[in-house]
Amino acid sequence: MDIALIGNPNTGKTSLFNNLTGSYEYVGNWSGVTVEKKVGQFKNKKDKLIDLPGIYSLNPLSKDEGVVTQFLLSEHVDKMINILDASQLERNLHLTIQLLEYGKPVVIGLNMVDVALKRGLQIEPNHLSNQIGIPLTPVIARTGKGCDLLAEAVTSERMSEPNARIVNYGIEIEEAILRFEQLLDNKSSRSARWLALQMFEGNQYVKKYVKNYIESEKLDQFLVEIKDTVKRSTGVSIDQFIFQKRKETIDQIMADAYIKREQIKTPLSEKIDAIVTNKILGLPIFFLLMYLMFMLTFDWLGFPLSDLLDAFITGTLSNTIENLLNAAGASAFIHSLILDGIVAGVGGVLVFVPQIFILFFFISLLEDSGYMARVALVMDRLMEAVGLNGKAFIPMMIGFGCNVPGIMAARTIETPKERLLTILLTPLMSCSARLPVYALFVGAFFVQQKAFIVLSLYILGIVVALVLAKLFSSTILKGETSFFVIELPPYRLPQFQALWRSTWDKGKGFVKKAGTFIFAGSVFIWLLSYIGPGGTDVALDDSYLAAIGGFIAPLFEPIGFNTWQAGASLITGFLAKEAIISTMNIIYFAPDEASLQGLLSDYFTPLAGYSFMVFILLYIPCLATVATIYKETGSKKWTAFSMGYALIIAYLLALIIYQGGRLLGFM
Amino acid sequence: MLGKLKKGEKCRILDISRIDLLVRRRLLDLGITEGTEVCIKCYMPFGGPIMVESCGQCIGIRRVEAVQIEVERL
């Protein structure tokens, strides 16, 4: 059986999904964590569970919401689990009614009963279940309590059809539904009642679907007629009328199932909000948190840990491997491939694992606590000034971890223009893969001010993104009104286990990439450096790698790094940003990070080093990001644009910094 | 008008028909419509959005929209 999991945003669908399937998907405390469908298997190994983005209604406003409607229109589903937030039952039930009208069996998982109780709302689960007419199981999605019962309820074979006529919409609409049924003439397998009501509400996805079965003109005429009829007889538009009718039904349900009590005390959430979204303190608190995050990642905690790991990899590990190779009598070729290629290339990247995990830990903390939505609120004024809205800041924050999920998160932005703009600009956020490059260079040139220099790069990325947003939104992406309404979820005390899982989930991608992509890349780069036009085992300057890098190197003369080594690493950096480090480790034959840093000062001046970092920050989205941009925009033109503008901006800024710096007398 | 009230004040919404359709749809999704009681939680600086609470849930909306919502003070 295929069972779909549907509910309002931020009601714990993904937590429930993880508990029901025993798998692990990404969860967070903000609306829009899940932007596409995910399929898992129930613990009984028979039935499939499909996790879908959160929606308020089946009539979508944004792209992630459209995923659900499209799913219900085009894919097979046997049953549905509707997860309800008990503390916001009223608005949650609007969706439940639409699901009942869809006509497939529905089971309710009632979540957050504890939150409701704290707000002084007690719910009678049995009464609620009787009123709606479908089975209901209380659950605590975060801990998994009640999930077994819910799984049992939904996977059991017998289940009656739900009451699709739970709401009576009055004579005009009910008759129109009957007429639509005749028009449709059983040509679609979806419930005609559901299709009709969705169209009356203005659901464009459903309308497009119905046009496959009914002539476009006929359908439009039918819709105009019913809209006029309702407007004339009720005085409100048809969508408002449908909403009112549903609300009447919900009020009846609520009257029976709800017991209102005294609210116990001011919720903690409101006390925290009074501080972090304070008029004066809001922005400073946000910047302070960011500063703490960077200091911990780069200075106080991250650097010492990375140094320890570096010492281990280049010391104990390399020695052990060398001894083993000697004992096995490996040839000079194998010897060089493993030590100078793989260990240098992969090890050079793995050294940065501690810093990257610390960064991911903080991003997970922001997401899980509920602070993320507040950041969007606090930043909205600034974002509005550049033609975006506060929600666009969330994809950018996620982009600090990795640009790919950042770009996906842009789906929650309702207006297409702002969404496209966010997709185009998120790659300017300095992702974790760029972090090793900074770490290496600040270690070589700016030991005293390392956290400050790195912070300056992150801020530069944000500033460039904002300036370009202003530029693009007032030139190529003009028009369309901006839109900002955001739900601010209550704060939750993050659970350590969930935090760790979330951190690990993000970080493991980095480790995995080191073991696969970077591994293969390192072998390839080493090979290019080992062979040349003159044969194998050539001097490095005569290798193919030097030839390729040297070919483009003169282009970088004006921005301070006319060496074939820099040229070669920039090319590999397109594949993955951390490949820059692998390449440099291999090229410079550096046995460890410290000696590579020593070597770098022969090739770069500090000013050229900073110019190089700025160039790396901006010059091109990595291959995976480019693929995601193409997938999300569906446009070759915008994908090419995202690469083109980045190159131009990177070159211009590096030029200004390098030449300007020289004029000012920096080296 | 919502948006002219002070922080901490409560009001009931009388008319939201003047605001943009998209915003109205989203507010409806969140359960905010004529007759809903809301409480002003805070104003962001420099004319930024305002945070309102209704039925225990907090929502951020822009001031341009807030001033188009007719309310009565409670």
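**Salt bridges and nonpolar cores**

With a relative accessible area of 29%, B:Arg12 is partly exposed in this predicted model. Its partner in a salt bridge is B:Glu72, the N to O distance being 3.0 Å, and this pair links distant parts of chain B, since B:Arg12 belongs to strand β1 (residues 10–15) and B:Glu72 to strand β5 (residues 70–73), 60 residues apart. B:Glu72 likewise counts as partly exposed, at 31% relative accessibility.

In chain A, A:Arg91 forms a salt bridge with A:Glu487, in which the closest N and O atoms are 2.7 Å apart. Because A:Arg91 lies in helix α3 (residues 89–102) and A:Glu487 in strand β9 (residues 485–488), the pair ties together parts of chain A that are 396 residues apart in sequence. A:Arg91 has a relative accessible area of 5% and is therefore buried, the cut-off being under 20%, and A:Glu487, at 11% relative accessibility, counts as buried too.

Helix α3 of chain A also contains A:Glu101, which is paired with A:Arg246 of helix α11 (residues 238–257), 145 residues apart in the chain. The side chains of A:Arg246 and A:Glu101 meet in a salt bridge with an N to O distance of 3.3 Å. A:Arg246 is buried at 2% relative accessibility, and A:Glu101 is buried with a relative accessible area of 0%.

Charged residues of the two chains come together in a network of salt bridges, which links A:Glu65, A:Lys391 and A:Glu414 with B:Arg25, B:Arg26 and B:Asp29.

We turn now from charged to nonpolar side chains. In soluble globular proteins, nonpolar side chains tend to be buried together. Here the largest nonpolar core has 121 residues, and those with the most contacts inside it are A:Leu425, A:Phe441, A:Phe604 and A:Phe612. Helix α22 (residues 450–474) of chain A supplies the largest share of this core, namely twelve residues, while domain 1 (2–155) and domain 3 (285–479 + 501–663) of chain A each give at least three residues to this core.

Which residues does A:Phe612 touch, not counting residues up to four places away in sequence? On that basis A:Phe612 touches A:Val437, A:Phe441, A:Phe561, A:Ala566, A:Ser569, A:Leu570, A:Met584 and A:Phe604.

Key:
Residues numbered from 1 in each chain as written. Chains lettered and ligands numbered in written order. Predicted model: local features only at pLDDT ≥ 70, side-chain atom pairs only at ≥ 80, totals over all residues. Heavy atoms only, no water. Salt bridge = Lys/Arg side-chain N within 4 Å of Asp/Glu carboxyl O. Helix = DSSP H or I, 4+ residues; strand = E, 2+ residues; numbered from the N terminus. Buried < 20%, exposed > 50% of the residue type's maximum accessible area, 1.4 Å probe, protein only. Core = buried A, V, L, I, M, F, W, Y, C linked by side-chain atoms within 4.5 Å. Domains from an automatic or database assignment. Contact = heavy atoms within 4.5 Å.
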